[in-house]
Amino acid sequence: MKPSGGSRKREPELFLNRELSWLEFNSRVLEEALDGTNPLMERLKFATIVASNLDEFFMVRVAALRQRLQDGDERPDQAGLTPAQQLSLISKRVHEMYGQLYHVAVEDILPAIAERGVRIVRVGELDASSREVLSRQFRADLFPALTPLAIDSSRPFPMLTGLSLNVALLLAPAEGEDQARLAVVQVPGRFPRLVRLPAGDGATFVLMEDLVKQELRELFPGQPILESAAFRIARDSELDLDDEGGRDHLQVVEEELKKRRKSQVVRLEVEEAASGMLLDTLVARLGVRPEDIYRIKGPLDLRPLYGFLGLPSLDDLKDRPFRPVTVLAPRQMENIFDTLDEQDVLLHHPYDSFDPVAALVERAADDPDVLAIKQTLYRTSGDSPIVNALARAAEKGKQVTVLVELLARFDERSNIRWARSLEEAGAHVIYGVRGYKTHAKICLVVRRGSRGIRRYVHLGTGNYNERTARLYTDFGLMTADAQIGEDASAVFNAVTGYSDPPRTRKLAMAPTMLRERVIELIERERRRAEAGQAAEIRAKMNSLLDEDIIRALYDASRAGVRIRLNVRGICCLRPGLKGVSDSIEVVSILDRFLEHSRVAYFRNGGDEEVYLSSADWMPRNLDRRIELLFPVEAPECRQKVVAALEAAFQDNVKGRRLQPDGSYKRRRPAKGEEPFRSQVHLQREAERALERSRAAEATSFEPLKTPEGLGGR
Amino acid sequence: MARSKKLSTRQQPEPPAPPPPPQTVAAVDMGASAIRAVIAEVAPGGAPRILEEVSRGVLLGKDTFTSGRIGAATVEAALRALEGFRQIMESYGVTRYRAVATSAVREAANRDGFLDRIRLRTGIEIEVIDGSEENRLTYQAVKEKLEGHEVLASEGALLVEVGGGGADISFLRNGEPIHSGNYALGSIRMRQSLASWRGGNDKRIQLLRRHIHNIVEDIQREMPVSEARDFIALGGDVRFAAAQIGGDARPEGSVPAISRDAFIEFVDRISMQEMDQLIERYRLPVADAETLVPALLAYQELLRLTTAGCILVPDVTLRAGLLLEFAPDREGHGIEDYGRQVLASAAALGEKYHYDAAHARIVAHLATRMFDDLRAEHGLDRRQRLLLEVAAILHDIGNFANVRAHHKHSQYLISVSNVFGLSAEDMAVVSNVARYHRRGTPQKSHLPYMALDRDTRVAVNKMAALLRIANALDVDHVQKIKDVKMVAEEDSWVIEVEAAGELTMERQAALARADLFTEVFGRKVSFREAGMRP
């Protein structure tokens, strides 16, 4: 049972602050950008991820803390830090991070790329003819889109879009005045940030803001420009972003509050070259606090550099192309229902390809015996084979129910477009569950076989998205287990509002049951330890924040349960505390693929249990989301999950270990120890498994049972 | 797999016919606090295999039992729930379903409009069933669930389901319901009657207990509650109690049983808790929490009167009973069973009024024999045959009140009594048929008769015509006539009897009571003994 909030003891020494823990995570990403053993373009990619992560962090987390400060809310968090203390620690840590990030980007990565002929140059460095070409282009395309905004104290400061690029400039004082005047030009976001020069060897780019700066005189004719500098602000986004880039609407936000928050600038990035006078004027008008100013030694907003990964000439500087293996033979996918009648199928993406999942939905669409398909779609693309198959199934008159989570992506319009097309095909489309975000990934196929109705279920830790299935590590389970099928139906009935929340037997659903179930399992392990049995918990997730679960883990540790956690991102649990968490070890893997699967393992006195889940152990996921926890019961499937889980704890290349003080220490191979990189290991294991099954197939002879077998098929 | 099947058919010259594929069916039940549905597969010879059970809380009872009609918001909620259920039914390719509504809909003033909207918006046809049909369906499921259980051999077992609108109670002997009825112990009704009570919880419970006690006293006048040695309880509230008390330490598939003392103690304890505590502690929806205590108190009061040492709480619902109706090989079997139960219950009612059992039996036998021989003439169905049989059993119970004009007393007693499996409309037919077993034939001035619709009046006339003759054939109550046959001759019907002894009285009586027969069937009647041709 969940203890009520009021009666909970405050023990700040037992918890890590979530914001600082997140910054630790981002600095592990940065570490990958710094790591010279990574291919250059991968390092660039990590650098852009660090930058984009920070943008979100300011818009969401820092903004919320600022708001609390402004509201006079000084309550400390579970780690005992007030909002003011947290903001000051954040500022300090982020300033360091900016230093490292720009150092590696400007001094290391960009020069190395320039050696390969891809360079960013200043407009001033170009020869006259190139400048002339650019200037003509500017006047034709860009000039009409620019609005110069002169700022004076009688007018309110213009509402600049968050995260947009702007140029601030100082104009010489007007006749009879002695103060320089501030003006702002917004750099339109719809033009590419990197402007490629038409001619020359390799690829030469100039930055859009540089170009704008060169042409300012056109915008302010007859007014002497003293200086100019690019800047960028971050505002409260009013959105809560989740680990998959989806967003939550904040609960009840009053209109007034909204406006106030909108005007609040939570970070100012400005070119380092800006003079004190320009900066002071700008800061005064924006109302930015000194600790929120970041002077940038290089291009603002590194995210557009990600575009360089698309240049074919740099392909050799990336990770080796990677091919997922397909665990099922084409014949098995063709007869996917027969396959699942015989065995459960466990997929570990991206090592295992997503094809069997697509095959399930596609076969379901075309099989005349299939009556219904029900599926959640959280983030997917319009051209996905799954969406196409669902539409086809609906057109064929099958009952297709799709639960679409519209809050999932920024490009809601495209989401709505394909959702509408599903509706037109005759599918029953449900746009979310009021008050909850549907995060569970589940697909249910109802089929009438010769012995009656059978249900086939796919459950996953990741989205039905072929693209991310190649980039994120996720597990998927395909099964015809009757009880899971029954539970899956019940879950759909609940989320579609057809039925009140069900009592499920094998699946545990948030917000009703998931936390309780996890705590029960942890407590069962604790009781086993107390009874003198060997007891062990292993778990993997993206974030660990939930206080009830953390306390349950502490209790288990005190009882002597061995606990090993693989938490990629935020971890508020403090490992290695005497008498609290001595037996808890926490690692984090940052590597090529984004670790995304959620797994829990319980030794259970030798009768091992393995669960997969869509949910992180965070209050948000457990209280405000529809999430699922499901068991992996087939021994060979369970074994595959356990082996993958174990690999992370052996990783001495990309693994980091959380220290009691909240910092992370990168693991290195000990003397005489072989380097072990879990993602590479798992990739090889997947290839080996495929070879084994091919070999097995090649040496076994399948008897042909009917004359048909001799024919073409 | 499919391929091997083809080959094997060639090897075997005479393949056994493949079993027909299971049918997917659904049962929907609109109760007082929720609308529920179950989807199942039925295959010949097997128990229904449940595919899915869904439930949506819709407080129909709260509306009907307070204001007499279903409010707009509740109508909308019900429509939404049923729309969803229809989607689910479609996703399983359900071919047959039966959707029923009980007292919360039955008693709503706006029920016709409500059912019409359901039909238009969801395409689901809801059938409003009465308490007796509900009883019958549920009893059927209980019997299925408890098959082989010793409680079905008990001399006296009380079967109780406290619902939102009323309590269905049956007294079973050897597993057959001999008394049964619906009583004013509905948990929602009880709760509503105290809704405005502002006093403390203790006093509220006291009032509830007193109310329940009074009604249970009435029930005892109708059935021997205190003779029950076993107690079977159905319903969500008692299942909840069983789950709370029993934990889960019982073998899979067995019927949960909780001890008498544990149950009484649990109800005492839970009735002392305030509503908020119940909701908090047991995570109950408000609607469930509100009816929990009234319902459990009713079970408790009834249990106390019996000598049962424990309560059996089989997981049986009205929906399970509906599903059994779909099981292909159960249909006929079910009806015979049902007929036997109805007759046993009628006989128990007869006993209560000290009827002449032998006379009742022979009159019933003779009346139904005539009914069967005249099938082509009267065009009545099996159910009406059963009603005739019940009327024959009960036709004389009015003697209990007074021998004079006893046919009128019979009519009254039957009209206010319960017979297991028969609805109030059924009982109106039975009581009218019984009334006309002697003396005057139906008249426009007879109010209970005129209260029937035209078709029913015609049927009553036909049945009464047969009962009058059957009764006359045992005018002495000594069962000289053992059997009868109706033989058609040119322009008359011959009553051909098998008998021992002298039959002057019987002949005279039969011909005298053939008045209605001649009027209804349009032919003269004559009388003869079997083997004696004129």
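Q: Which way do β2 and β3 of chain B run, and how many bridges join them?
A: They run antiparallel, and 8 bridges join them, with β2(B) covering residues 34-42. Keep in mind that this is a predicted model.

Q: Okay, which residue stands opposite A34(B)?
A: That's G57(B), in β3(B).

Q: What sheet are those strands in, and in what order do its strands come?
A: An open sheet of 5 strands in chain B, ordered β3-β2-β1-β4-β5, with mixed pairing.

Q: Which strands stand at the edges, and why is one side of each left without a neighbour?
A: β3 (49-57) and β5 (126-128) of chain B do; each has a single partner strand, so one side has no neighbour in the sheet.

Q: And how much are neighbouring strands turned against each other?
A: On average by 20 degrees, direction ignored.

Q: Which helix lies across β1, β2, β3 and β4 of chain B?
A: Helix α3(B), residues 72-91. This helix runs at about 10 degrees to β2(B).

Q: Let's switch to where the chains meet. How many residues are in contact?
A: 24 residues of chain B are in contact with 22 residues of chain A.

Q: Which elements of chain B give two or more residues to that side?
A: α1 (2-11), β3 and α3 of chain B. The largest share comes from β3(B), with 7 residues.

Q: How does the predictor score the complex?
A: It gives an ipTM of 0.71 and a pTM of 0.81.

Q: And where in chain B is confidence lowest, and where highest?
A: Lowest in α1(B), at a mean of 37, and highest in strand β9(B), residues 230-234, at 96. Over residues 1-13 of chain B the pLDDT is below 50, and that stretch has 10 contacts in the model beyond near neighbours in sequence. As a whole, chain B averages 88, and 93% of the residues score at least 70.

Q: What about chain A's average?
A: Chain A averages a pLDDT of 88, with 90% of the residues at 70 or above. The score stays under 50 over residues 1-7 of chain A, and also over residues 706-713 of chain A. Beyond four places in sequence, the model has 4 contacts for residues 1-7 and 8 for residues 706-713.

Q: New topic: how many residues are in the largest nonpolar core, and which have the most contacts inside it?
A: It has 284 residues, and those with the most contacts inside it are L390(A), A367(B), V390(B), A391(B) and V433(B).

Q: What is V433(B) in contact with?
A: Leaving aside neighbours within four places in sequence, the partners are L387(B), L388(B), A391(B), V460(B), M463(B), A464(B) and L467(B). Another core, of 64 residues, lies apart from the largest one and includes L23(A), M41(A), V212(A) and V266(A).

Q: Which residue stands opposite V587(A)?
A: R657(A), in β28(A). Strand β23(A), residues 584-589, pairs with β28(A), residues 655-658, in the antiparallel sense over 3 bridges.

Definitions and conventions:
Residues are numbered from 1 along each chain as its sequence is written. Chains are lettered from A and ligands numbered from 1 in the order in which they are written. This is a predicted model: local features need pLDDT of at least 70, side-chain atom pairs count only at pLDDT 80 or more; totals for chains, interfaces and linings use all residues. A nonpolar core is a set of buried Ala, Val, Leu, Ile, Met, Phe, Trp, Tyr and Cys residues joined through C-beta atoms within 7 Å. A residue is buried if 20 or more other C-beta atoms lie within 10 Å of its own, exposed if 12 or fewer, and partly exposed in between; C-beta atoms are placed from the backbone. Two residues are in contact if their C-beta atoms, placed from the backbone, lie within 7 Å. Two strands pair if DSSP finds at least two bridges between them. Helices (H or I, at least four residues) and strands (E, at least two) are DSSP runs, numbered from the N terminus. Axes are lines fitted to C-alpha atoms, for helices over the stretch in contact, and angles run from 0 to 180 degrees between N-to-C directions. pLDDT is the predictor's confidence in each residue, from 0 to 100.
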